[in-house]
Amino acid sequence: MKTTIYYFSGSGNSLKVAKDIAAGLKNTEIIQICRNNIGFNNTTSKKVGIIFPVYYSGMPLLVKDFIEKIDIPSDAYVYTVVTFGRAADASISQLEKLLINKGIKLSAAFKIKMPGNYQVMYSPISEKKQNRLFENEQKKIPLIVESINNNEIIKLSGISDKIMQTVGDFMYTSFNPSKKDENFWTDEKCNGCGICLKVCPANNIKMNDHKPEWQHKCEQCVACMQWCPQKSIQYKKVTIKRGRYHHPDVVAKELFHL
């Protein structure tokens with residue numbers, strides 16, 4: 001039975017999870033969720049995975065747009081894996097509601113904690129802490145693969161989950177990333193390589209005189225900042241002394257979509 005995994009990833013965390021799950025399944029295709037393929041990716045697969053990171057306790061807006069426009073068989077076994085730094089339950093409930101509106105059931109939901117990459121608010125965690133999370137991901141993957149292979153129904157439930165969903169939904173109301181790119185700029189180290197343009201899933205960057213210009217349709221995945229080889233992309237002045245993060249087992253060209 002063919003499986004299709006759709007993933008959205010800025011730092012490579014969710015792509016790493018998608019690749020690891022695909023390695024444990026048979027006949028699996030991995031497809032990136034990006035602006036270029038919204039409305040052009042329908043599937044006949046009877047197993048469909050949706051893997052994405054949590055933003056402001058909820059779904060990336062581009063993922064929401066993608067799900068609203070994709071056609072999935074109503075009898076497909078649909079599962080999600082969300083990568084998160086703090087909490088994930090609101091994002092899962094949001095996805096479930098979107099699928100219900102399309103007549104599709106979310107059969108299983110999984111959560112994997114991964115290193116945060118939102119350096120506009122905080123510095124990366126230490127490599128020691130990162131490695132602990134990577135080890136935890138490797139332990140969880142075989143269990144998730146087994147559940148998917150067995151078509152297990154796995155729901156998040158309980159009062160604590162409901163509370164986190166409510167809190168997350170409230171936080172998500174303030175998520176409006178599109179014009180936050182006004183605060184991005186490049187320092188003197190920028191050499192015009194264009195990698196920022198190629199990894200941006202929202203097609204939000206144009207090169208002008210070998211320098212990136214942001215087009216105000218930002219997702220705040222900060223892929224541009226994390227994958228810049230020169231570490232020349234800054235957000236206001238808060239990132240000048242902060243490190244960068246992307247998953248060490250992913251390379252930038254795996255996220256290229258141009």
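Student: Into which class, buried, partly exposed or exposed, does Lys-64 fall at 32% relative accessibility?

Tutor: This is a predicted model, in which local features need pLDDT of at least 70, side-chain atom pairs count only at pLDDT 80 or more, and totals for chains, interfaces and linings use all residues. Residues are numbered from 1 along each chain as its sequence is written, and side-chain values use heavy atoms, leaving out hydrogens and water. Buried means under 20% relative accessible area, exposed means over 50%, and partly exposed lies in between (1.4 Å probe, protein chains only). With its 32%, Lys-64 therefore counts as partly exposed.

Student: With which residue does Lys-64 form a salt bridge?

Tutor: A salt bridge is a side-chain nitrogen of Lys or Arg within 4 Å of a carboxyl oxygen of Asp or Glu. For Lys-64, the closest N and O atoms of the pair are 2.8 Å apart. The partner, itself partly exposed at 39% relative accessible area, is Glu-68.

Student: In which helix do Glu-68 and Lys-64 both lie?

Tutor: Helices (H or I, at least four residues) and strands (E, at least two) are DSSP runs, numbered from the N terminus. The two residues are four apart, about one turn of the helix. Both belong to helix H2.

Student: How many residues apart in sequence are the parts tied together by Asp-65 and Arg-35?

Tutor: The side chains of Asp-65 and Arg-35 meet in a salt bridge of 3.3 Å, N to O. Asp-65 lies in helix H2 (residues 61-69), while Arg-35 lies in the loop between strand E2 (28-32) and strand E3 (47-53), so the pair ties together parts whose separation in sequence is 30 residues.

Student: Which residues are linked with Arg-35 and Asp-65 in a network of salt bridges?

Tutor: By the rule for salt bridges, the count comes to eleven. Arg-35 and Asp-65 belong to a network whose other members are Lys-69 and Glu-219.

Student: Which residue meets Glu-96 in a salt bridge?

Tutor: The side chains of this pair meet at 3.0 Å, N to O. Glu-96 lies in helix H3 (residues 89-101) and its partner in the loop between helix H4 (127-149) and helix H5 (159-172), so the pair ties together parts 59 residues apart in sequence. Glu-96 is partly exposed at 25%. The partner, partly exposed at 40%, is Lys-155.
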